[in-house]
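Here are some short notes to read beside the model. Please keep the sequence and the 3D view open as you go.

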Amino acid sequence: MMLVLVLGGTTEAGQIGRALAAAGVPGVFSYAGRTAAPITQPMLTRTGGFGGVDGLAEYLRQEGITHIIDATHPFARQISKNAVDACARTGTPLIAFSREPWVAGPGDNWQHVGTVEQAAAALPDRPARIFLAIGKQYLQPFAVRLQHFYLLRLVDPPATTLALPDAEIVLARGPFTVEGDLALLRHHRITLIVARNAGGEGSRAKIEAARALGLPVIMIGRPQIDPPGLAERRTAQSVDEVMRWLDQSARLGV
């Protein structure tokens with residue numbers, strides 16, 4: 001009997017969960033636990049980590065998981081690597097939903113960097129008003145650039161005091177609109193955006209708003225997921241592709 005584990009937390013993960021429920025495919029939807037009130041899913045849901053590769057491999061064995069769909073954020077490198085290793089160890093088929101990354105077009109003013117630390121180092125020396133659109137767990141490298149004002153958009157308020165004294169928090173959950181992000185950037189007089197190249201449509205609005213306002217963007221590239229235990233890491237770019245993979249696996253008896 002098929003039992004699918006969905007590693008979720010993204011808009012597309014929710015779409016996959018609904019597609020599984022509609023098709024009558026039993027599964028477990030797993031949240032990392034970074035938000036206090038995650039979106040309800042139409043399937044059995046768990047929250048929290050697994051305890052590394054060993055813990056995830058043991059969970060797969062104990063629960064009888066037959067397939068994993070990795071639909072985590074493109075920057076959730078550790079859980080994706082753990083999934084690759086655990087699946088290699090247990091022989092569990094794995095597919096990763098991979099959003100197409102954003103690509104700079106006419107009118108975009110991007111500076112490409114490879115890490116959050118490089119993004120912090122690329123900030124100007126003169127005080128700027130920065131929309132720091134990278135999530136609350138990546139703020140520490142910017143604590144040494146205190147001459148700037150930082151705007152943060154978070155799902156939940158931070159549990160501890162921020163290391164950025166001149167900062168303002170906006171609590172909101174995507175997807176966002178271009179009109180809304182234009183208003184946000186204008187209201188806070190933002191002069192520079194720092195963003196991770198997450199791809200997808202849910203948070204693309206800030207990129208289009210930056211283009212419309214002629215704002216520079218420091219764009220952080222995605223981390224690489226090395227598959228040490230698999231010959232290749234199968235990926236899909238649509239929910240339909242994920243469902244076709246599951247159907248094919250079922251027909252092949254995988």
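1. Start with the charged pairs. The model holds seven salt bridges, where a salt bridge is a side-chain nitrogen of Lys or Arg within 4 Å of a carboxyl oxygen of Asp or Glu. This is a predicted model: local features need pLDDT of at least 70, side-chain atom pairs count only at pLDDT 80 or more, and totals for chains, interfaces and linings use all residues. Residues are numbered from 1 along each chain as its sequence is written, and side-chain values use heavy atoms, with hydrogens and water left out.

2. Look at glutamate 12 and arginine 99. Their side chains form a salt bridge, 3.0 Å from N to O. Glutamate 12 sits in helix H1 (residues 11-23), while arginine 99 is in the loop between strand S5 (94-97) and strand S6 (110-113), 87 residues apart. Helices (H or I, at least four residues) and strands (E, at least two) are DSSP runs, numbered from the N terminus. Is glutamate 12 buried or exposed? Glutamate 12 is buried, because its relative accessibility is 11%. Buried means under 20% relative accessible area, exposed over 50%, and partly exposed in between (1.4 Å probe, protein chains only). Arginine 99 is buried too, at 13%.

3. Next, take aspartate 108 and arginine 211. This salt bridge also spans 3.0 Å, N to O. Aspartate 108 lies in the loop between S5 and S6 and arginine 211 in helix H6 (residues 205-213), so the pair ties together parts 103 residues apart in sequence. Aspartate 108 is buried at 17% relative accessibility. Arginine 211 is partly exposed at 31%.

4. Aspartate 125 and arginine 145 make another salt bridge, with the closest N and O atoms 3.4 Å apart. Arginine 145 is buried, at 11%.

5. Now the rings. There are three aromatic pairs. Rings of Phe, Tyr and Trp (its six-membered ring) pair if their centres lie within 6.5 Å; planes under 30 degrees apart count as stacked, over 60 as edge-to-face and the rest as tilted. Phenylalanine 29 and tyrosine 31 are a tilted pair, 4.9 Å centre to centre with 55 degrees between the planes. Both residues are buried. Phenylalanine 50 and tyrosine 59 are edge-to-face, at 5.1 Å and 65 degrees.

6. Finally, charges over rings. Arginine 129 lies over the face of phenylalanine 149, 4.0 Å from the ring centre. The rule asks for NZ of Lys or CZ of Arg within 6 Å of the ring centre and within 35 degrees of the ring normal. Arginine 196 lies over phenylalanine 75, at 5.1 Å from the ring centre.
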